[in-house]
Amino acid sequence: MPIFEFGFSGLPTKPDGSPQLGARQVPIPQALQQCGPCIPVQISIAAKVAAALQKVGSAAPPPQNGLALIDTGATISGVDARAVQALGLQPIGVKKVFTARGAAQQPVYAATFAFPNTNIPAINFGELLGVDLADQRIQLIGNQPLIAVIGREILANFLLIYNGRMARFTLAF
Amino acid sequence: MALEKEQEFFEAHRAEWMKYHENKFALVVGDELTGMYDTPQAAYEAGVDRFGNVPMLIKQVLTTDPVILIPALTLGLIDANL
C-alpha cells in the first residue's frame, strides 16, 4: 500500500533558545497543531472542460496551486472562492450547509485534484463546495495559500493516521 | 441564488423521477432534464459535451437530500459567503 507521510521536525534548542547544532532532529508537535495536516494540491478544470474551451478557441486557465487542509469533520471537500474564479468554474449543484450565520445554499463545482510532489494519485472528478478561505497562508509550509479543504468523500479512499505526539500524519492509499 | 430555476424544476419532478430513476444522477439545464446517469462524473461530461462550460444541476434522485456538515463553516472558522 503506497504511503505519503509528512511531519514537522527540527533541532532541539538550548535553554537560551538557540539550536543544538549537530543534534538529532526532534518532532515539533506545536507545528502540526498550528498548521494542521496540509498537503500540496493543484486544482484544475476537468479535461472535458479544457477540450470544450479549446473548441471555441479559448485557452484553459492555469491550474491553481496551494495547500489543502485535511478536515475529517467535513462531509465533502471545499475549494476557495479565489480558485473558483481563477479557473472559471461553473456551478454544478447546490448544497444546504450550516454556517456561522445560519443555513445557506452553497454552490458546488467540479474540478480535478492533483497532489504535486507526492505519490498520491490525482482525483479526476471532485465535487467541491465553494468556500471563502480568506487568503489564509500557512507560514510554516513556505507561506503557501490554503486553497482547499479535503473532506470525507476524498478521505473515503485513504487510510489517515494523525500522530500528534510525533508531529506527523500519514496517508495510505 | 445559483441554479434556482434548475432546482425548482428538480423539486417539481423529484417524486415522479423517484419511481423510475432512484439513485441516478439527473442532469438539468434550465427547465430541461437532459439525462439520467449512473455517476455525477458521467452526467458532468455529458453536460459539458452538450452545453460547454455553463452552470448545470447534477443531482442524485433521492427522497431527501443528504445533510452536509462542515463544522469549520458552522463555527465561522472558514466562510461560505460566495
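Hi everyone, a quick word on conventions. Residues are numbered from 1 along each chain as its sequence is written, and chains are lettered from A and ligands numbered from 1 in the order in which they are written. Since this is a predicted model, local features need pLDDT of at least 70 and side-chain atom pairs count only at pLDDT 80 or more, while totals for chains, interfaces and linings use all residues; side-chain values use heavy atoms, with hydrogens and water left out.

Let's begin with the interface. Chain B contributes 33 residues to the contact and chain A contributes 38 residues, where contact means heavy atoms within 4.5 Å.

The partners are A:Lys48 and B:Asp49, with their closest N and O atoms 2.9 Å apart.

On the chain B side, the elements giving two or more residues are α2 (40-51), β3 (57-60) and α3 (71-74). Helices (H or I, at least four residues) and strands (E, at least two) are DSSP runs, numbered from the N terminus. The largest share, 6 residues, comes from α2(B).

Staying with chain B, we have an open sheet of 3 strands, ordered β2-β1-β3 with antiparallel pairing; two strands pair if DSSP finds at least two bridges between them. The edge strands are β2 (32-37) and β3 of chain B. From one strand to the next, the twist averages 25°. Axes are lines fitted to C-alpha atoms, for helices over the stretch in contact, and angles run from 0 to 180 degrees between N-to-C directions. Strand β1 (residues 25-29) of chain B is joined to β2(B) by 5 bridges, and B:Ala26 stands opposite B:Met36. Helix α1 (residues 4-21) of chain B packs on this sheet, touching β1, β2 and β3 of chain B, and its direction makes about 35° with that of β3(B).

What does B:Met36 touch? Leaving out residues up to four places away in sequence, its contacts include B:Trp17, B:His21 and B:Val61.

Now over to chain A. Its open sheet of 3 strands runs β1-β13-β12, also written as antiparallel pairing. Strands β1 and β12 (159-163) of chain A each have a single partner strand, so one side of each is left without a neighbour in the sheet. Neighbouring strands here are turned by 10° on average, direction ignored. β12(A) and β13(A) pair over 5 bridges, and A:Tyr162 has A:Phe169 as its bridge partner in β13(A).

Finally, the structure holds 10 salt bridges over all chains. One of them joins A:Arg168 and A:Glu5 (3.5 Å, N to O). This pair links distant parts of the chain, 163 residues apart: A:Arg168 is in strand β13 (residues 168-172) and A:Glu5 in strand β1 (residues 3-7) of chain A.

Notes. Salt bridge = Lys/Arg side-chain N within 4 Å of Asp/Glu carboxyl O.
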